[in-house]
Each structure stands twice: as structure tokens, then as C-alpha cells.
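Colleague: I would like to learn how to read a ligand site in a model. Could we go through one together?

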Amino acid sequence: MKNYIVTIPAAVAVTALLAGCAGGPSRSEAEYRQLALDTIKRDFQAKGQAKYERLTADELQQACNAHANNPPPELAAKLAGAQLATVKLPADDKYLGDWKSGEKIAQSGRGFTWSDKAENPAGGNCYNCHQIGPNESSFGTVGPSLLGYGKTRGNSPEMQKYTYSKIFNAKAFNLCSEMPRFGHAGALNEKQIKDLVALLLDPASPVNK
Ligand code: HEC
């Protein structure tokens, strides 16, 4: 008797589930995206440096999402121009900072979490996606290895400017890049980016040993 009571609701639930799979209304990709966003918005708690704005996609992110990271050429050209225009180059025209400080920034994953104090600068988190030094105990492989970057690419004024600009806004060079737009997003300041450029290009940096 006990079993009987238990199995009836279970059978009903399974039937309902199967009916749902077979005949329920199917959602479009856009509807699933909206559902996911609504869920994140409902559950995300803004606190400290973790703010609600991060949930809002800008024009570029919306275009990359809508076109599977490959917007049509005309739109892509327009968006790429707008991204390049965001890059603020240093007023003193100097790009090479201090590689030792750059190494600390590259290996720091701090920033933008609930527990980060407002006055503390964010790290670059570079190691999470790139190999960026000879002595790392671990690194991510989402991006290419940057080991030997300056050795192979040279240290010309153009390379310094490109590297600064790439870190400032990676999407100016690769529209739907997975790399964050560190300068544009206000995550890293001018000095921090110069220090990272030095880490990548200074012949004395461990990256180029
Ligand atoms: C979330 C992953 C991610 C993070 C974090 C990240 N990158 Fe990248 N990066 C990439 C990807 C993917 C590429 C290759 C695609 C592209 O060029 O945008 C790339 C490309 C680059 C390039 C261009 C390489 C070339 O051959 O021209 C440089 C320079 C670079 N990253 C530097 C950095 C630095 C410095 C940091 C830390 C401040 C960093 N990246 C953080 C994902 C990331």
C-alpha cells in the first residue's frame, strides 16, 4: 500500500515531464538568452566593486552575441572603428614602464569582486588566459602564449604602440575577442598598462629571456 501511494505521483510526474519534452513550446535561442539573463539579474547581488552595470552588454557585445562572434562586414567595420577610437594613448608618448611591476599585475587575479576594497587597483589576470612568464606554476590557454613576445616581435615604436593599444582595447584589433578591454573598461590605468607593455617588450623582462 505504501508503495502504491509513492508510485502514483512519480508516474504522473514522469508522464508530465515526457509530455513537456515532446509537446511543450520550444524556445528560440533569443528567448533562452533572455531567460538566462533574467535569472542572472534576479540572483546577482551588487556589492562593493561588483556592480550591476556589468550585466549590460554594450553595442559591440550585443552585435557579437547576435552574429555568433562574426558580425557582417559593414557593421564589423563600423564597430572596429569605434573600438579603435576608444584607445587613449599616453600623452607623453612613452609606452615602456617597469616590467617588475608589470609582472605583478599580470600574475594578479584580483579585482571587481565583492571582497575587493574600492581603493585597491585591479590586477590584469593575464596568466588566466596566457602563458606570460618562464616560471609560472600554472596558466590558462584561452589566449596564445606570450612567452618570448618581445624577442620575436621586436621592440619598435610601432610594436610598443600596438601592444599598449591591444591591452587598452583588444577588440579594436579583433572585434569579438575573448580578451577583456582593460583600459576601455577602466580595469587598468595608464601606468599599469605601460608596466605590462614593458613586461612583454623589455629585453630585460623574464618574458624575453
Ligand atoms: C579572458 C582571456 C584573456 C585575458 C584575461 C587576457 N587575454 Fe590577451 N588575448 C586573449 C586572446 C583569446 C587573444 C587572441 C585573440 C586576440 O588577438 O584578441 C589575446 C591576445 C593578446 C595579445 C596579442 C598577441 C599578438 O600576437 O598580437 C596580447 C599582447 C595580449 N593578449 C596581452 C594580454 C595581457 C597583457 C593581458 C593581461 C592584462 C591579457 N592579454 C589578458 C585572451 C585573454
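Colleague: How far does a polar side-chain atom of Ser 177 lie from an oxygen atom of the ligand?

Modeller: A polar contact is a pair of N or O atoms within 3.5 Å; within protein, one must be able to donate a hydrogen and the other to accept it, and residues adjacent in sequence count only if both atoms are side-chain atoms. For Ser 177 the distance to a ligand oxygen is 2.6 Å. Arg 153 has a side-chain N or O atom 2.7 Å from a ligand oxygen, and for a polar side-chain atom of Asn 174 the value is 3.2 Å. This is a predicted model: local features need pLDDT of at least 70, side-chain atom pairs count only at pLDDT 80 or more, and totals for chains, interfaces and linings use all residues. Residues are numbered from 1 along each chain as its sequence is written, and side-chain values use heavy atoms, with hydrogens and water left out.

Colleague: Which are the protein donors of the iron atom of the ligand?

Modeller: Donors are N, O and S atoms within 2.8 Å of the metal (3.2 Å for Na, K and Ca); water is not among the atoms, so sites may look incomplete. Here they are His 130 (NE2) and Met 179 (SD), 2.0 to 2.2 Å from the iron.

Colleague: Are His 130 and Met 179 buried or exposed?

Modeller: Buried means under 20% relative accessible area, exposed over 50%, partly exposed in between (1.4 Å probe, protein chains only). Both His 130 and Met 179 are buried.
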